Number of protein chains: 2
Amino acid sequence: MDIQATALKCKKAGIFMSALSSETKDKALENIIKELEKNVDSIIEANNADLEQAKNDNLELPLVKRLKFDREKNFETCNGIASLVSLEDPVGKILSATELDKGLALFKVSRPIGVIGVIFESRPDALVQIAALCLKSGNSVLLKGGKEAFATNKILASVIYKAGVAKGLPEGWLGLLETRSDVDQMLKLDKSVDLIIPRGSNEFVRYIMDNTVIPVLGHADGICHLYIDRLADSKMAIDLSIDSKCQYVAVCNAVETILVHESLAKKILPPLKRELEKKGVKIYGCEKTTSIVDVETATKKDWETEYLDLTVAIRVVPSLKEALAHINQYGSGHTDVIVTRDKKRAFYFMDHADTADAFWNCSTRFSDGFRFGLGAEVGISTNKIHARGPVGLEGLMIYQWRMIGNGHMVKDYAGKTAKAFTHKPLKKDFQFKINHAKATID
Amino acid sequence: MDIQATALKCKKAGIFMSALSSETKDKALENIIKELEKNVDSIIEANNADLEQAKNDNLELPLVKRLKFDREKNFETCNGIASLVSLEDPVGKILSATELDKGLALFKVSRPIGVIGVIFESRPDALVQIAALCLKSGNSVLLKGGKEAFATNKILASVIYKAGVAKGLPEGWLGLLETRSDVDQMLKLDKSVDLIIPRGSNEFVRYIMDNTVIPVLGHADGICHLYIDRLADSKMAIDLSIDSKCQYVAVCNAVETILVHESLAKKILPPLKRELEKKGVKIYGCEKTTSIVDVETATKKDWETEYLDLTVAIRVVPSLKEALAHINQYGSGHTDVIVTRDKKRAFYFMDHADTADAFWNCSTRFSDGFRFGLGAEVGISTNKIHARGPVGLEGLMIYQWRMIGNGHMVKDYAGKTAKAFTHKPLKKDFQFKINHAKATID
């Protein structure tokens, strides 16, 4: 089947996915766990073939590492799915309820988006994770993996797909695009795919964002800042700098640039340098920084760099306002922190930082769906619409307006003798949830 | 100033727009009303120049009609702004509040999107309306009007802009793109513009949606359906057909195709035809329809047509399921209605119709922000993310995550001695709102 036909089938399946009962979806998830465990040997065998090929192709070591899918990875992946089963069904929640007039009620009801297109590099566990998230949220999913994981993706998709269909999911609920052709083919499927979630390197994500009219949920860069205000507690500022930079360096929510208010610079830069260097951090500083401590000189390029490494840039700023100007110019709208004792300055910072996560006196590293308590993480978004920051299952949801009347016509609410609308809030306890499995649809 | 420079200025202004107090925004709106009233003669003079030019250019009559901005239009427009003043400020609402651990609190706070790009044809009142909506919601706005309204747009933008700045809005909060160059220039400003709202013909909106990577809020078509189920009340079905088709034909929420369950066809088609024809409606019917009543034959093209006129297509369908298949194939995901006495069938319809507004036993024409009680209407969206159906001010909003700690570090929540998160819901009564006007930001 070609890509377009697969996508169309996926779109049709999405309609039925959106109407499944919570029970059916949870049983499908449980069966997926069962089948993944049952087929683990064949999966590892396929993965070994991919790993072999990767060696022959001289794939870079980090890519090979991400490609590996062993017994432990399978166990972790299954645990991830199990945690979804216990989550509340995000579909069919009454978000608002309004009486427009006697006998005419309007409901805003949470609904799945439709078809989620997932484009990912190497990591085959991402396939399983995102497929499970889509299933739980009543979306169908179209997957396009990297060719280096071809065999692993193929068997994983097949096991998951069949396990789902066996428990009542519609044919076509999961589609795997297998051709070697460019990712560009999927980016053009704007009639079938409602949202794209890319998983991979910054360059990969940015390429996708720049080359499709389909909405993309995710982030390319994570250039996060920690601003040490003139009213900061110095010890706290240094502790938070270390945690934000060093707790785990290869992630999007690690800090890349530390901004220091100049009235505090002479006092804080020497101990800050000492503590960072103790952790093996390489420092690039602006001119004012280098006049106080002995570090390499930073250039404009440093403000624009996501090091993802034990490297940090430091800039001395004359004011809170200038710190914000720097963040809004060079940041990626991911996570930015102010360290200060002053509430008004903290709120000023939050109100003026154009960023998904504006934190006060805590580490950038808290920016994460699990730490936020979102239950499951779809990704971290630097978008300005739909979903921002760490995104849970609600990022895969939209809503539908449902109106229930009794023959109500608009002509009665127009003209000189127009009836007035009441627009009265109703209780949100209306129950739309119905198990359609046994419904007659003649 | 060129388009890029204007957009950049607008982006910077957006930061300060987002942090304005409710009072400042409302005072600016009131001053805009005052200045529009004061300058009404100059505005009408400019509009007359545009109307003259339109005549010379042999512009089509409907376009000329939409172009007109007279004293009455100014009055209506000012009334629209006045109704915004009394609305609650959508910025800074606490959407959720969670304790992550003792002293570590996470808030989800409503925030403006940033820069709204508005591209509109002829109607200059759209400029005023959307500028006011952006202002109220703390967004800055970049406008690109049609060249046929050049003089009117220019003076309206100037009056509004100055009236806003005089009451404390930041320089650059509203930008008018004046060059005659193609709308394409604006569609490329994805680094400055966060959301595009197009106002104009279907073709115009579709062109914009297909030619930008910036998110677009709106709808191209409004191909709405009314499905008369086998368990429908015949009189109600006919009444709703007439209201949905005839109450106002030139709008997106008027019905274009009526689907009739075949078990009811023989009974309902003759009176339905009679009543529609009484109202002057031209009918195109499928083969089964023409075998029962004498109407023109419909082709596939009719199912895909938004007539926006006293014309309707009728198709007999063998089942509720086939009605849904038709709607999901040919509909535009705008508004679709089922007429039935059966609740389960109504819910089946709502759960399987891939549409923004799924209605039961009421007219398609209710699909409207004012009728929904949204306070102000930004537009109607057939998007599958962010906002769907009639969109109020909340369509111009996103949120920001705000975390408040006291030196909290992630290292304490990792490893073998990891502290556990509490993830306890907090009351949403936290107060972030602060008037920054007098703040020291050194």
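An open sheet of 11 strands spans chains A and B, with mixed pairing, in the order S17(A)-S1(A)-S2(A)-S16(A)-S13(B)-S12(B)-S7(B)-S8(B)-S11(B)-S9(B)-S10(B). Its edges are S17 (424–425) of chain A and S10 (296–297) of chain B, each pairing on one side only. This is a predicted model, where local features need pLDDT of at least 70, side-chain atom pairs count only at pLDDT 80 or more, and totals for chains, interfaces and linings use all residues. Residues are numbered from 1 along each chain as its sequence is written, with chains lettered from A and ligands numbered from 1 in the order in which they are written.

**Strand pairing**
- Strands (E, at least two residues) and helices (H or I, at least four) are DSSP runs, numbered from the N terminus; two strands pair if DSSP finds at least two bridges between them.
- S16(A) and S13(B) run parallel over five bridges, and Ile404(A) has Trp360(B) as its bridge partner.
- S7 (224–228) and S8 (255–261) of chain B also pair in the parallel sense, over five bridges; here Ile228(B) is partnered by Val260(B).

**Helices on the sheet**
- Helix H14 (320–330) of chain B lies across S7, S8, S11 and S12 of chain B, at about 140 degrees to S11(B).
- Axes are lines fitted to C-alpha atoms, for helices over the stretch in contact, with angles from 0 to 180 degrees between N-to-C directions.

**Chain contact**
- The contact takes 72 residues from chain B and 72 residues from chain A, with residues in contact if their C-beta atoms, placed from the backbone, lie within 7 Å.
- Strand S16 (397–408) of chain B gives the largest share of chain B's side, 11 residues.

Notes
Contact = placed C-beta atoms within 7 Å.
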